[in-house]
Amino acid sequence: MAGGVATGRPPIRHNDYSPLDPPPLGDWAPSLSVSVVVPAYGGQHALDLTLASLAAQTYPGHLMEVIVVDDGSDPPLRLPDIAPEGARIVSSASDGWGIAHALNTGAAVAEGRIIQRLDADMVVWPEHIEALARWHHLSDYLVTIGAKRFVEEPPPDLSPEGLYEHARAGSLGEVLDLSNALASSTEQTISRTDGLRSSRNPYHVCTGPTVSMRRETFHAVGGVDPGVLRGEDTEFAYRLATHGVVFVPDMAARAAHLGLPAQRVDRDRTVRAVAPYLAHRVPLRRDLRKDGGRRWLVPYVEVVLHVDGDERRVRAAVSAALEGSVSDVQVTLVAPWSRLSPGRHSVLGDPSFELRVMREHFAHDERIRLADEVVPTPGPTPFRYTGPVSVPLGRETLERMIAAVQEDRSGMLVVDLGEDGSATLERAEALGRARLLGADDVVTSIKATHGVRHGTKAEFWPAPRRQAPRPSPAKTTKPCANQSSASRATRSLRSRLGAAFRELRA
């Protein structure tokens, strides 16, 4: 609305943010403070241009701070003459290095309600921060993405002073012509999916150079993983997705990236460098998990089983979960494990004998986790199955259930198991959205935002195939000469092998 906006939590279906109506640029009253965090390593001239463009922003200066995080540059970075008021340089924390580590350092000292990440070689148009920040005034569980195009290098005579003057005059396009710049692949995806409204995996395009979110959202998912040296932005966006956020690209937030993308320079090495990080941490990238027999850092499915007193039944249910066609599974066994005292107790006469025996059976398998209660969401694991131990999973049950929810993008599948109750498959993204909305009734919330699907046991536990009986030979049929010879030869070979084996044993 003109002159102001209202913050709320509308229940957005999947990633269709159409119910949100952002105010027009220049015709509203911002109230949320923004911290622009710029991780940087060297590149003083490019940083000078970035800061000059930030000094010309239309977002109110008293609501914006800029934090440049120097990640060990030699010589150290400095603030140029043209920079936003109150901009400062901080040193990256001494216990690490890299873009993610520097970004976390800046976010830790940020005071703004909104954290805006920006690369140190980006020139942003004057409305950039305003365009992205206006969405965060509408709802607090959005992640906004700016537009960017790549220029091979800035004009050699482009100075920070000249860039600033052009930005203030509204003529930045005269020195950085985006019409001739290289478009990013993310913009093509955004256009093809109606601004990500129809995207199945919108986190794919959240590639980092210009992205913003509420500060509490950044910290709720643990910040950026400093152990991911390439593809850290995609991995971070994936965790944001399982947290339940909605991704909103805004093409009015224009920017020029000074330099070509790494994939354009050396595609093979860039792809190879990113692949192992994402393979371990983004289970939805099934194309990266083709190595047989492997175990991955983040499992594809969490299987939750509530332990009863029947040890054999629990062991059978665990084995079925781990031996299915979906191999990257973690099993969570729920029982009052913490009540088992480590002190002296009767081994055979212990009232908790059954629980202690089961704990020893499962405690040393890294694929099995013992928990007293179920956590609200399995994220970053994308799916969670919960079912009774009385109905062990079939070999293809998980695979069939995941295929069903992927087909219609539903957030929950409920399967009727008759007298044994029901089994559910939940999508972490849908559970996360319900939590962000503060839903008292999780199922009703998921029904509104992602949909709830119902099924029968026969759909997901198909009956085993019966082999057709072998036809009996007619009684009057006699074996032919060749068949008799073959039988005699087989018997003779078995006899010789048996004699040889007996000699070896002797």
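Colleague: In what order do the strands of the open sheet of seven strands lie?
Modeller: This is a predicted model, in which local features need pLDDT of at least 70 and side-chain atom pairs count only at pLDDT 80 or more, while totals for chains, interfaces and linings use all residues. Residues are numbered from 1 along each chain as its sequence is written, and side-chain values use heavy atoms, leaving out hydrogens and water. Strands (E, at least two residues) and helices (H or I, at least four) are DSSP runs numbered from the N terminus, and two strands pair if DSSP finds at least two bridges between them. The pairing here is mixed, and the order is β3-β2-β1-β4-β9-β6-β10.

Colleague: Which strands stand at the edges of this sheet?
Modeller: An edge strand has a single partner strand, so one side of it is left without a neighbour in the sheet. That applies to β3 (88-91) and β10 (246-250).

Colleague: What angle does the direction of helix α1 make with that of β2?
Modeller: Helix α1 (residues 44-54) packs on the sheet and touches β1, β2 (64-70) and β4; contact means heavy atoms within 4.5 Å. Axes are lines fitted to C-alpha atoms, for helices over the stretch in contact, and angles between N-to-C directions run from 0 to 180 degrees. With β2, the angle is about 170°.

Colleague: Is valine 347 buried or exposed?
Modeller: Valine 347 lies in the loop between β13 (329-334) and α11 (353-362). Buried means under 20% relative accessible area, exposed over 50%, and partly exposed in between (1.4 Å probe, protein chains only). With a relative accessible area of 59%, valine 347 is exposed.
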